[in-house]
Amino acid sequence: MDYERVRETDPDVAAALDGEVTRQQDSLAMIASENHVSEAVLEAQGSVLTNNYAEGYPGKRYYGGCEYADDVEQLAIDRAKELWGAEYVNVQPHSGSQANMGVYLAVLEPGDKILSLDLTHGGHLSHGHHMNFAGQHYEVEQYELDEESGRLDYDAIREHAEEFDPDIVVSGYSAYPREVEWERIQEAAEAADAYHLADIAHITGLVAAGEHPNPVGVADFVTGSTHKTIRAGRGGIIMSREEFADDINSAIIPGMQGGPLMHNIAGKAVGFGEALDDDFDEYAAQTVANAKALAEGLQERGFDLVSGGTDNHLVLVDLRPSHPDTTGKTVEEALEDVGIVLNANTVPGETRSPFNPSGFRAGTPALTTRGFDEADMATVADCIADVVDHPDDEDVKAEVAEIVQGLCDAYPIYEDLA
């Protein structure tokens, strides 16, 4: 990619951008929340809409000059409604976390109660971690996965809800490799007369393509990221019934932010449009198939997977049974040396620090975008296993790095990098 004008104006930034292009091309992005957007989405996000200060909503802005901003935002809204079947959509949150904040501000008061999954079991910071705004402003209790099965225990969640009496129950997770039974969470929320927020940040694309059950129409609120499995402009989204529209709109502006990032909303509109194409359904199906192939490959090499496998785009590896002296951070660093980028992750029953936990998480969205299939994922699984088995063996790492580079060369990200 040619950053000619940046290079002329600011060669230091251009050098960093050049380096990032090379890094992405010459490494395998397996962080489950990352993906490679299309060149069309990149263009939209780099458009002149970054100059526009469109406070308000389509047809009701505080400033003039917003007619084209209105067009773009309405396209994003309409396409999102079609993708997920929502009555009401707000595409202005700058991130999935801010989408969650918007829901909390819309229906909760400071000190109200949140019931959500513990971070070390696959939850998210914005679901109520004590260092996050949610944990600082609300009373939070958290449920856990069943440590034996690595799966949600829906009966236990309902019992917890009945005992704690929360104002909102949060479902949807950052490191849960199985399908979620949204109706079971809804039953738990109803048993406590609570709202239900389903956070589909990781699986927005899988839900849109029918590869994962859809919580829209089940949960009161559905939030998500728009740049993970959906491959659209970076940001967040809120979906709900129309009855909550005014409260959510007010929570976003003026409640928590001013002008929306219209260039990002343009990227959302373009990405949502791409997701409405039949090719996207094939992509989502391949993403899941690739994750299953990765899971099978790692299991064949003796690795233990939380829940025993995956139904979605990620696998979560518990190193304790197979590599008790190896930490997730050791694995993360050793794999980055050979061009495989994933992240250390906590696992159910974690006994180590979150900064150096007992597991690692790997996802397939970005590799699937590049064109990888199940056979490629089997190769990747062997590469990961070889390095984890021999993290300090430079000969092994050199061999794996060569294989990784070959895969990167075979599947370039953007045309002008081929």
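Is D220 buried or exposed, and what is its relative accessibility? At 10% relative accessibility, D220 counts as buried; buried means under 20% relative accessible area, exposed over 50%, and partly exposed in between (1.4 Å probe, protein chains only). Everything below comes from a predicted model, where local features need pLDDT of at least 70, side-chain atom pairs count only at pLDDT 80 or more, and totals for chains, interfaces and linings use all residues. Residues are numbered from 1 along each chain as its sequence is written, and side-chain values use heavy atoms, with hydrogens and water left out.

**View 1. D220 pairs up with R241 in a salt bridge.** The closest N and O atoms are 3.0 Å apart (a salt bridge is a side-chain nitrogen of Lys or Arg within 4 Å of a carboxyl oxygen of Asp or Glu). This pair links distant parts of the chain, 21 residues apart: R241 sits in the loop between strand 10 and helix 10 (245-252), and D220 in the loop between helix 9 and strand 9 (221-225). Helices (H or I, at least four residues) and strands (E, at least two) are DSSP runs, numbered from the N terminus. R241 is partly exposed, at 30% relative accessible area.

**View 2. Helix 7 (residues 154-164) has a buried face.** Y154, I157, H160, A161 and F164 are the buried ones here.

View 3. R158 is partly exposed at 36%, and so is E162, at 45%.

**View 4. F272 sits in the largest nonpolar core.** Of its 58 residues, W84, L152, I230, M239 and F272 touch the most other members. A nonpolar core is a set of buried Ala, Val, Leu, Ile, Met, Phe, Trp, Tyr and Cys residues joined through side-chain atoms within 4.5 Å. Helix 4 gives the largest share, 7 residues. Not counting residues up to four places away in sequence, F272 touches a list of residues including A76, L83, W84, I230 and I237.

How values were computed. The arc is that of the directions from the helix axis to the C-beta atoms. Contact means heavy atoms within 4.5 Å.
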